Each structure stands twice: as C-alpha cells, then as structure tokens.
Amino acid sequence: MKKKTGLIFFPAFDYAISPTHPEREERLLYTQDQVNEEGLLDFDNIKEFKPDLATAEDIQRVHFCVPGIDEIVHASHLIAVGGTLTAADKVMQKEVDNAFALVRPCGHHSMRVVHGTRGFCTLNMEAIMVEYIRQKYGVKRIAIVDTDCHHGDGSQDIFWHDPNTLFISMHQDGRTLYPGSGFPDEMGGPNAFGTTINLPMPPGTCEEGFLYVLNDIVMPILNEFKPDLIINSAGQDNHYSDPITNMKFTAQGYAILNDTLKPDIAVLEGGYSIESALPYINTGIILAMAGMDYSQIREPDYDAEDQIQPAHITSYLKKLKEITFQQWNNREALRDQVYPKKAFHTRTNQIFYDTAGIREMQTETVRTCSDCGGAVTIDSRADTGRRGQIFAVQIPRYCCDACRTWAEEQFDSADKKKYSQIFLQDKDNDLYQEK
Amino acid sequence: MILGIDVGGTHTDSVLMQNRKIIRKSKVMTDKSDILKSVLLATQSVAEPADIKKLRRIVLSTTISTNAVAQNKLDPVGMIVMSGPGVSHQDLPLSDRTTFVSGYMNHRGMEAEEIDEDEINALKKQFADKGIEHIGVVGKFSTRSPIHELKVQTLLNGQAKHVTVGHQLSGALNFPRRISTAYLNEAIWSLHSDLVDQLSAYMQELGVNVPLYILKADGGTIDVEQSRNYPVQTILSGPAATIMGVLPFVSSDKDSVSIDVGGTTTDIALFADGAPLLEPKGVQIEEHKTLIRGLLTHSIALGGDSHVRVVDNRIVIGPERKGSAMGFDGPVPTPTDAMIFLGLADIGHKGKAAKAMESIATEMGQTPSEVARAIMDQACETIAAKVRSMIQEVNSKPVYTIHELLEGKKIAPQEIIVVGGPAPYLAKQVGELLSMPAIVPENSDVINASGAAMARTTVELNLMADTEERVLTIAEEGLQSKIPQNFKLDDLIAVGKERLEQIARVAGAQEADLEIEVADCQTFNVIRDSATTGKNFRVRLQIKPGLTKHVSQ
C-alpha cells in the first residue's frame with residue numbers, strides 16, 4: 001500500500017571533514033542525481049521538506065558539549081540534526097506517514113559527553129530526535145534499530161540507562177571494524193538491562209544473512225517490546241562496494257529491510273560508496289518507505305553468485321540468534337548476576353575520538369532504581385588540558401523523586417576546583433545548567 | 001515597430017507597438033479552422049500597409065497546442081524507453097503505451113548495459129505495420145550520455161515522420177518527465193508543423209522579410225521555423241504571455257507579484273528584482289509533468305464570473321463558472337455583480353446585478369449591501385491568501401548547501417501588478433490586505449499580445465565536464481567531446497557561453513539580447529582510493545526571460 005513519505009534531503013555540498021575524507025562534499029551528489037533522474041519527488045506520495053536548524057536546547061537534552069556547542073559544532077551539524085527534527089515533526093503532526101532524513105554528516109558514534117568528533121560524528125541525530133519527540137509530543141516507548149555497518153556505540157552510550165528506549169544495533173563484528181565494540185554481552189545498565197541489544201555479524205555477511213537477522217531476531221524482539229515509534233539509524237555501509245567495511249549487503253536488500261522494519265523515521269548514517277551504492281540504496285529505501293514497487297532496484301554490477309552465503313556464516317548467525325534470545329528471555333535473572341544488588345554501580349570507559357585525536361577517561365555512576373532509569377553522574381577527563389576535566393549530572397526523563405534529590409545534591413556538592421565545568425541536565429524539566 | 005498577436009481559443013488579439021507603447025490594438029474572433037485567416041485579420045486591423053513595411057519583428061503566442069493537449073486531440077506516438085533498473089515500469093508515465101527495451105547508462109553517463117539492435121529493428125517493423133508515424137526515444141540518464149538515444153534514432157531512420165530523442169528537449173535530470181515531454185513533443189508535432197507552414201504562408205502574404213517568432217512557456221521567443229522540432233516548448237505559453245506583458249510595469253530593483261484575474265481563474269506570478277520566477281522542475285499540463293521550462297504560476301478557481309452561492313449559510317465563490325455575470329444577463333450571481341452593485345465597476349446592468357445580490361441576501365438574511373461587501377471581502381482575501389501561500393512555498397523550497405540555507409535569498413514582494421477584466425475594481429483592496437501598493441496597467445485587455453511582442457529569445461544549456469573521464473557533455477546538444485585533465489570550470493563556462501550564443505542566434509536572438517547568465521555552477525572532486533583523480537563540473541547557462549532590447553522604434 002502506498003504511504004505518504006517525507007524526505008528531508010540535505011547533501012551539504014559545501015561541507016567536508018577534509019577534501020578526500022569519506023565524509024566529503026559530493027557524498028550525496030550521485031544520490032541526488034539518481035533521486036532526481038528517477039523523478040521520485042514528482043510522486044504525489046513523496047514530499048520534500050527543507051530542514052530546520054537545531055537549537056542549543058535540542059542538543060543539550062542529550063549532550064554535554066565541552067567546552068560548549070559553539071566551539072565544537074559546525075553549521076552542517078545544526079542542519080543535519082535540524083533535518084531529523086523536521087522529519088520527526090512531519091511524522092508526529094501526521095503530515096506524512098513516515099519520513100527519511102537524508103542528511104549528513106552522520107551522528108551515531110557521538111556519546112553523551114562530546115569533546116570533539118569521533119567516527120566522523122559530532123552530534124547524535126537520532127538521540128537528539130528521540131528526546132525532542134518525547135519533550136514535544138510525549139511519546140515514551142521508542143525503538144532505534146541501527147543498521148549501519150559500524151556499531152552505534154554513541155547511541156548505545158546515550159540510551160544505556162533508558163528502559164524506554166530499545167536500542168538494537170546490527171553491525172560488522174567489532175573485532176574486525178571500528179569502533180571495536182557492540183558484543184552480545186553489552187546489554188545495558190542496571191535499570192535498563194536488556195534494552196540494549198547487539199547483533200555483530202561476520203565480515204562477508206550478504207543479503208540472506210542480513211534478512212535472517214532482521215526477520216528472525218530483530219522483528220520478534222520489536223514485536224514483544226511494542227514501541228510507539230521505530231527509528232532506523234540507516235547506515236548504508238554494509239553494501240558490498242563500500243570502501244571502508246567488509247560486508248556484502250545490497251540495494252535490494254536495504255529496500256526489503258525497510259519494507260520489513262517499517263520505520264516511522266529513517267536517518268542516514270554512514271555509507272561511503274558514493275557512486276556504486278548510495279544512489280541505488282537510497283532510491284530503494286525511499287521507494288520501500290513510500291510503499292512502492294522496489295523490485296526493479298539493482299546495482300549495475302550486482303552479482304547473484306557473490307550473494308551465495310558460506311556455511312560458516314549461516315551457522316554463526318544461528319548461534320547469534322540462540323544467544324540473543326537466551327539473554328532476552330532471561331534478562332531479569334541475568335541482570336542480577338551482572339549487577340549484584342548495590343545502591344550504586346560504577347563503570348569506567350576509555351573513549352577514543354579518532355577524527356579529533358582525543359582520548360577521554362570516564363567514570364560513570366548510576367543510582368540503582370526500580371522506579372526510573374536512575375540518575376547518573378559522569379566524571380570525564382579528556383587529554384585536552386584543563387578544559388577537558390568536567391563533571392556531568394543527568395536527571396533522566398520520567399525521573400523518580402529519590403533519584404532527582406540525589407542528582408541535585410551531586411550537582412550542588414561538585415567541587416569547582418576539580419573541574420573546568422560542572423553540568424546538570426534535567427530532561428523532565430527541559431533544563432540545562434552549568435556552574 | 002513590433003506586431004504582437006495572441007491567438008486564443010475565442011479571440012485573436014493584436015497590438016502594434018513602438019517604443020514599448022501600444023499604438024493600436026484590436027480583438028477579432030478566432031477562426032479555428034483557418035488560423036492563417038485569423039492572423040491576417042488581426043494584422044490588418046492594427047497595421048496599415050505602410051506600417052507593415054516598417055515592421056521589425058512579429059511575435060505570436062498561441063494556445064493551439066495547449067488546447068490540443070487539454071482536449072486530448074493528439075497523434076498516436078510509439079514510445080521506446082530504455083529504463084534500466086530503478087523505479088518500476090508501472091510507476092512511469094505512459095507505461096501502458098511504452099515499449100521498454102534493453103540498454104541503460106549510469107548516473108555518470110557510463111554505459112551499464114548495451115542496447116540490443118535486433119530488438120530495435122523488430123520494433124521498427126512493428127511500428128511500420130501499425131502505421132505509427134511519430135516515435136519518442138528516451139533513455140535514463142540520456143542527458144549524461146546521449147549515445148543510446150542517438151543510436152536508436154539512427155536505427156529508426158526512414159521509419160517515421162519524426163523521431164524525438166529525449167535529451168534534446170531539456171538538459172535536466174528527470175526520467176519520467178523526459179518520457180512525458182518526448183511523448184507530447186511527438187503527439188503535437190504534426191499539428192505544430194502545420195501551423196508553421198501556415199505562418200510561412202502568412203509571411204509571404206505580408207510580403208515582409210522580418211523575424212517571426214513564437215512564444216514559449218518560459219516567456220521567451222523562438223524563431224518560428226526553429227520551433228518546428230520542439231513544439232512542446234510552445235505549450236502553456238498563454239500564462240507566460242501575460243507575465244511578459246506585466247513585465248514593463250515591474251520594478252527591477254525589488255520583488256513583485258502579479259495577479260491576473262480572469263473570468264474563471266486567477267493566476268499569480270512572482271518576480272525577483274524584475275525577473276519572473278521559473279517553475280523549478282518544468283511545467284505541468286493536464287496529467288503530464290514535463291521538463292519544459294515555464295514561468296511559475298499558481299492558480300485559484302476564482303474569477304469575475306465565478307458562481308456565487310450560499311452553502312450552510314455561508315457564501316461560497318467558485319470553482320465553477322456558469323456563464324457571465326447577471327449584470328451581463330448571465331444565469332447566476334458572481335463577484336462581478338457585487339462590484340457593479342457596490343458601484344466599484346460602472347459596467348453592465350446595475351438593476352440586474354442588484355437582483356443577483358438580493359437573491360443571496362434573502363438566503364443569508366442580510367441586506368444586499370452587506371452581502372455584496374462580504375463577497376468582495378471574501379474574493380480579495382482568497383486571492384491575498386493565495387499570494388501569501390505562494391511566497392511561503394517559494395521561500396521554503398529546499399536548498400542543498402549550508403550557504404544557501406543560512407544566507408539564501410528570500411522573495412519579499414513590495415508591489416502588486418493586477419491585470420484582467422476585474423482588476424481595476426479589486427486591486428486596491430487586495431493591495432491593502434497584502435500591505436503593498438497595487439498598480440493596474442493600461443491596455444490590460446491585450447496584455448498577452450503586448451507581452452509576446454516585447455519578449456526576447458531565451459535559451460538554456462546544461463554542461464558537465466568530468467576530468468577523470470576527460471569528457472565534456474552538452475546535454476541538450478547530445479554532444480560529447482574530449483577535454484584535457486587540467487580542464488577548469490572557467491574553461492567549461494567559456495565553451496558553454498560560446499555554444500549558447502550560437503544556439504541563441506539560430507533560435508532568433510538579437511545581438512542586444514545575448515545576456516548570458518550562469519544560473520548554476522558546481523564543482524566536485526572525484527576521489528578514487530582516497531586520492532583526487534579528477535573534477536566534476538556542472539554548469540547551467542541561460543538567457544533568462546526578459547524584454548527585448550532589439551527595436552526601439
């Protein structure tokens with residue numbers, strides 16, 4: 001059935017990380033050529049919208065930008081994020097049935113604390129959009145399915161303690177690709193255990209394998225979680241022609257994926273085969289979202305024989321399914337093993353910013369809570385000198401009184417001498433403070 | 001002197017102009033069975049034999065091809081389409097009348113699949129058997145490489161009366177629109193060709209040797225003989241003629257809006273610093289979305305003769321026209337009756353107009369004056385609202401660079417030009433609603449003829465240079481040539497300007513009007529394995545619609 005699909009297309013033809021960087025001016029040029037030549041925007045059920053600009057308030061619902069937004073955020077980020085918010089508005093206001101934000105640069109490697117750009121990402125578009133939707137439209141249960149080839153470690157970090165967001169990442173095995181994380185045992189914090197799901201796939205996984213993981217693992221879990229909204233964090237770098245990954249997915253496969261997943265909103269993430277893959281994948285995704293016939297989508301160099309799945313991948317993925325359901329079905333019992341009963345749980349993370357060349361050490365403490373996602377404090381120390389030492393306090397959305405009281409105490413008592421900046425993010429009251 | 005003629009469905013208007021002033025004007029009935037006769041009559045009614053000798057140019061605008069499309073009086077066309085993978089065939093226009101054949105180009109104009117000559121030869125025979133005389137050949141990305149379309153055209157040689165190849169009609173990317181445009185071009189080819197023959201007989205009859213132009217949808221002119229192969233460009237030239245007629249009254253240093261209030265509809269157009277805005281993708285006629293460059297107009301079904309009635313105790317104006325106003329012995333109340341009743345318009349029969357208002361007043365339980373005022377207010381507010389929404393729509397058009405998004409020009413009209421029959425009676429009120437001064441030009445009854453008379457020749461050209469492939473492509477020309485690796489953007493612009501000047505001269509442009517503008521220009525890197533291996537330049541050049549500088553006497 002045909003659907004009304006909104007398209008926010010912002011190729012940012014005047015932005016590049018550097019002239020030969022994969023994230024460069026012409027990344028969406030050939031996609032735009034293909035979309036224009038196919039005449040997609042002439043179909044009555046496909047409508048293009050101009051992106052709005054994201055504001056500081058939008059960003060601060062998710063990120064702690066160090067030292068501030070002005071220092072690390074470029075206009076292109078404000079437009080890319082703004083485009084996803086436009087997509088959200090069009091869907092939430094029922095102007096369209098679903099929307100695709102075809103914007104750049106990407107965002108899913110950006111975490112809560114942002115000292116700079118990592119994995120080509122500065123601002124996490126999907127996360128900012130989720131909090132915008134919750135703030136403006138009051139939607140609680142949201143699922144993000146990250147279909148980029150790289151593990152969505154930024155989104156995972158942001159939603160680690162959020163029981164109302166189901167984050168599923170399907171990606172190339174972290175032992176073989178940046179950022180090196182995203183294993184099945186990464187399942188979320190003590191108050192949101194099980195709502196983070198990682199599905200690493202071996203290099204060389206092709207159409208059959210992808211669709212198996214989607215149909216046999218992702219869809220049943222989604223059906224059980226029953227989200228009010230599904231977001232596809234839609235990377236396109238699983239394609240067989242992508243220059244920086246090792247998978248074998250196809251344009252036709254991406255169209256089937258979106259037809260099956262039926263995301264309310266899709267947001268472009270990675271994908272760097274700008275001539276051989278992106279034009280065809282994007283045409284396929286748009287047609288699939290619009291409920292149109294995509295059966296004639298095919299790359300000029302598509303090779304059916306190359307799509308025959310080796311036996312070791314088939315058995316690996318079967319095992320992945322077993323493990324995933326074993327964990328998903330027993331997540332309560334498993335939580336008590338992973339997080340023994342304690343008032344607070346602390347973890348330390350070491351974070352690399354490959355694009356900006358920064359190393360950060362984080363100590364994160366979460367208050368164990370059965371009533372909400374739990375208040376969190378983050379002690380962050382980046383190797384950028386005095387200005388890299390910050391302390392952040394997070395009051396989650398739908399926060400309970402006890403967590404709120406504890407969080408406010410942490411902010412008030414934080415020692416200004418120890419840090420260059422101390423932040424408080426209060427999602428329920430939509431406040432962001434710094435002292 | 002310039003002669004401008006507008007051949008409409010009912011009337012043929014003509015103007016004789018000198019120094020951009022109308023010396024004489026006339027309206028005669030159009031004889032649809034004999035256009036030559038109508039044009040001659042229209043000529044003679046404004047120009048004495050002595051004037052005809054002084055003519056420097058003649059420009060004609062006509063709705064003949066537009067009407068043929070609207071009434072679906074079209075010749076059968078055999079469509080041969082090379083689509084390759086992509087949007088499903090069933091979702092392409094005219095797919096039920098199309099033969100899809102193998103062969104396609106990719107987005108950079110590289111061959112992805114060869115054409116099959118046997119397939120084309122078989123089709124050629126099939127078309128011959130069916131007696132199909134018009135053929136359209138369209139390939140996906142044919143503006144990036146015309147090779148397949150040209151090859152098929154060659155294979156069809158000698159088969160049909162005429163073959164249209166898609167890339168020659170427009171250099172823009174849009175495959176479905178290219179299909180529709182090529183189809184329409186062939187479907188009206190013979191009709192238009194007959195018109196060109198008649199017009200050449202007309203020129204012989206006049207016995208003068210001056211350029212004869214025909215108006216296109218973009219408000220530009222083309223030499224009549226040159227128009228023979230591109231009849232589709234003359235479709236929808238009616239609204240363009242009006243806009244060109246308004247142009248002399250539009251300020252060149254600010255944005256403006258024009259409102260053409262007719263009997264059934266009101267057409268709105270916008271001007272940026274004196275230049276009319278173009279449809280971004282091409283004009284649409286009936287269900288056909290085309291690549292034909294045309295002036296941007298938004299229409300509402302509201303005019304002087306719109307049917308006014310009461311529905312649920314509310315006044316409703318339009319969308320139908322049932323006939324003329326009751327003040328002109330028409331069947332139902334209209335906005336014109338309200339204007340007559342209120343004393344705004346001293347036309348028609350005041351008593352009959354009063355009857356119209358009384359009939360509405362009785363239904364509404366109000367006085368005729370209240371009702372007439374309400375009809376005027378509603379008509380003016382509807383027009384004003386449409387102007388506001390059109391400006392908003394134009395300003396929210398997507399852009400693709402950070403620079404344009406943050407600093408792009410916004411249209412902000414500061415004056416209104418109102419034309420059409422009811423214009424003098426509602427211009428002031430519409431102006432007040434939009435907080436802009438409203439101008440009503442003189443002679444707006446023959447504005448299409450004067451607009452055509454003053455229009456200059458327009459041309460557009462799309463070029464691309466790929467220094468990795470070392471190929472330069474001129475889309476509309478179907479030309480590809482070798483370039484050196486160090487070819488620059490300026491080189492491409494220079495090549496384009498030279499070629500555009502030649503094309504413009506052939507199309508009939510006068511030297512004074514050869515003002516070439518770089519409408520778009522983009523540069524991209526081509527990268528292989530993290531190294532820059534070439535540049536991809538894209539340039540669109542145009543002579544945009546405007547008033548001719550040729551002939552001032």
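1. Let's start where the chains meet: 35 residues of chain A are in contact with 33 residues of chain B (contact means that the C-beta atoms, placed from the backbone, lie within 7 Å). On chain B's side, the elements giving two or more residues are α6 (175-187), α12 (402-407), β26 (517-528) and β27 (531-543). Helices here are DSSP runs of H or I with at least four residues, strands are runs of E with at least two, and both are numbered from the N terminus.

2. A word on the source: this is a predicted model, where local features need pLDDT of at least 70, side-chain atom pairs count only at pLDDT 80 or more, and totals for chains, interfaces and linings use all residues. Residues are numbered from 1 along each chain as its sequence is written, and chains are lettered from A and ligands numbered from 1 in the order in which they are written.

3. Now for chain A's domains. The assignment, automatic or from a database, gives domain 1 (5-331) and domain 2 (341-434). Their centres, taken over C-alpha atoms, are 27 Å apart. Across the boundary, 25 residues of domain 1 are in contact with 32 of domain 2. Helix α5 (residues 125-137) of chain A gives the largest share of domain 1's side, three residues.

4. Last, a look at some strands. In chain A, β14 (residues 389-395) and β15 (residues 421-426) run parallel, joined by six bridges (strands pair if DSSP finds at least two bridges between them). Phe391(A) has Ile422(A) as its bridge partner in β15(A). Next, β15(A) runs antiparallel to β16 (residues 431-434) of chain A, with four bridges, and Phe423(A) stands opposite Glu434(A).

How values were computed: Two residues are in contact if their C-beta atoms, placed from the backbone, lie within 7 Å.
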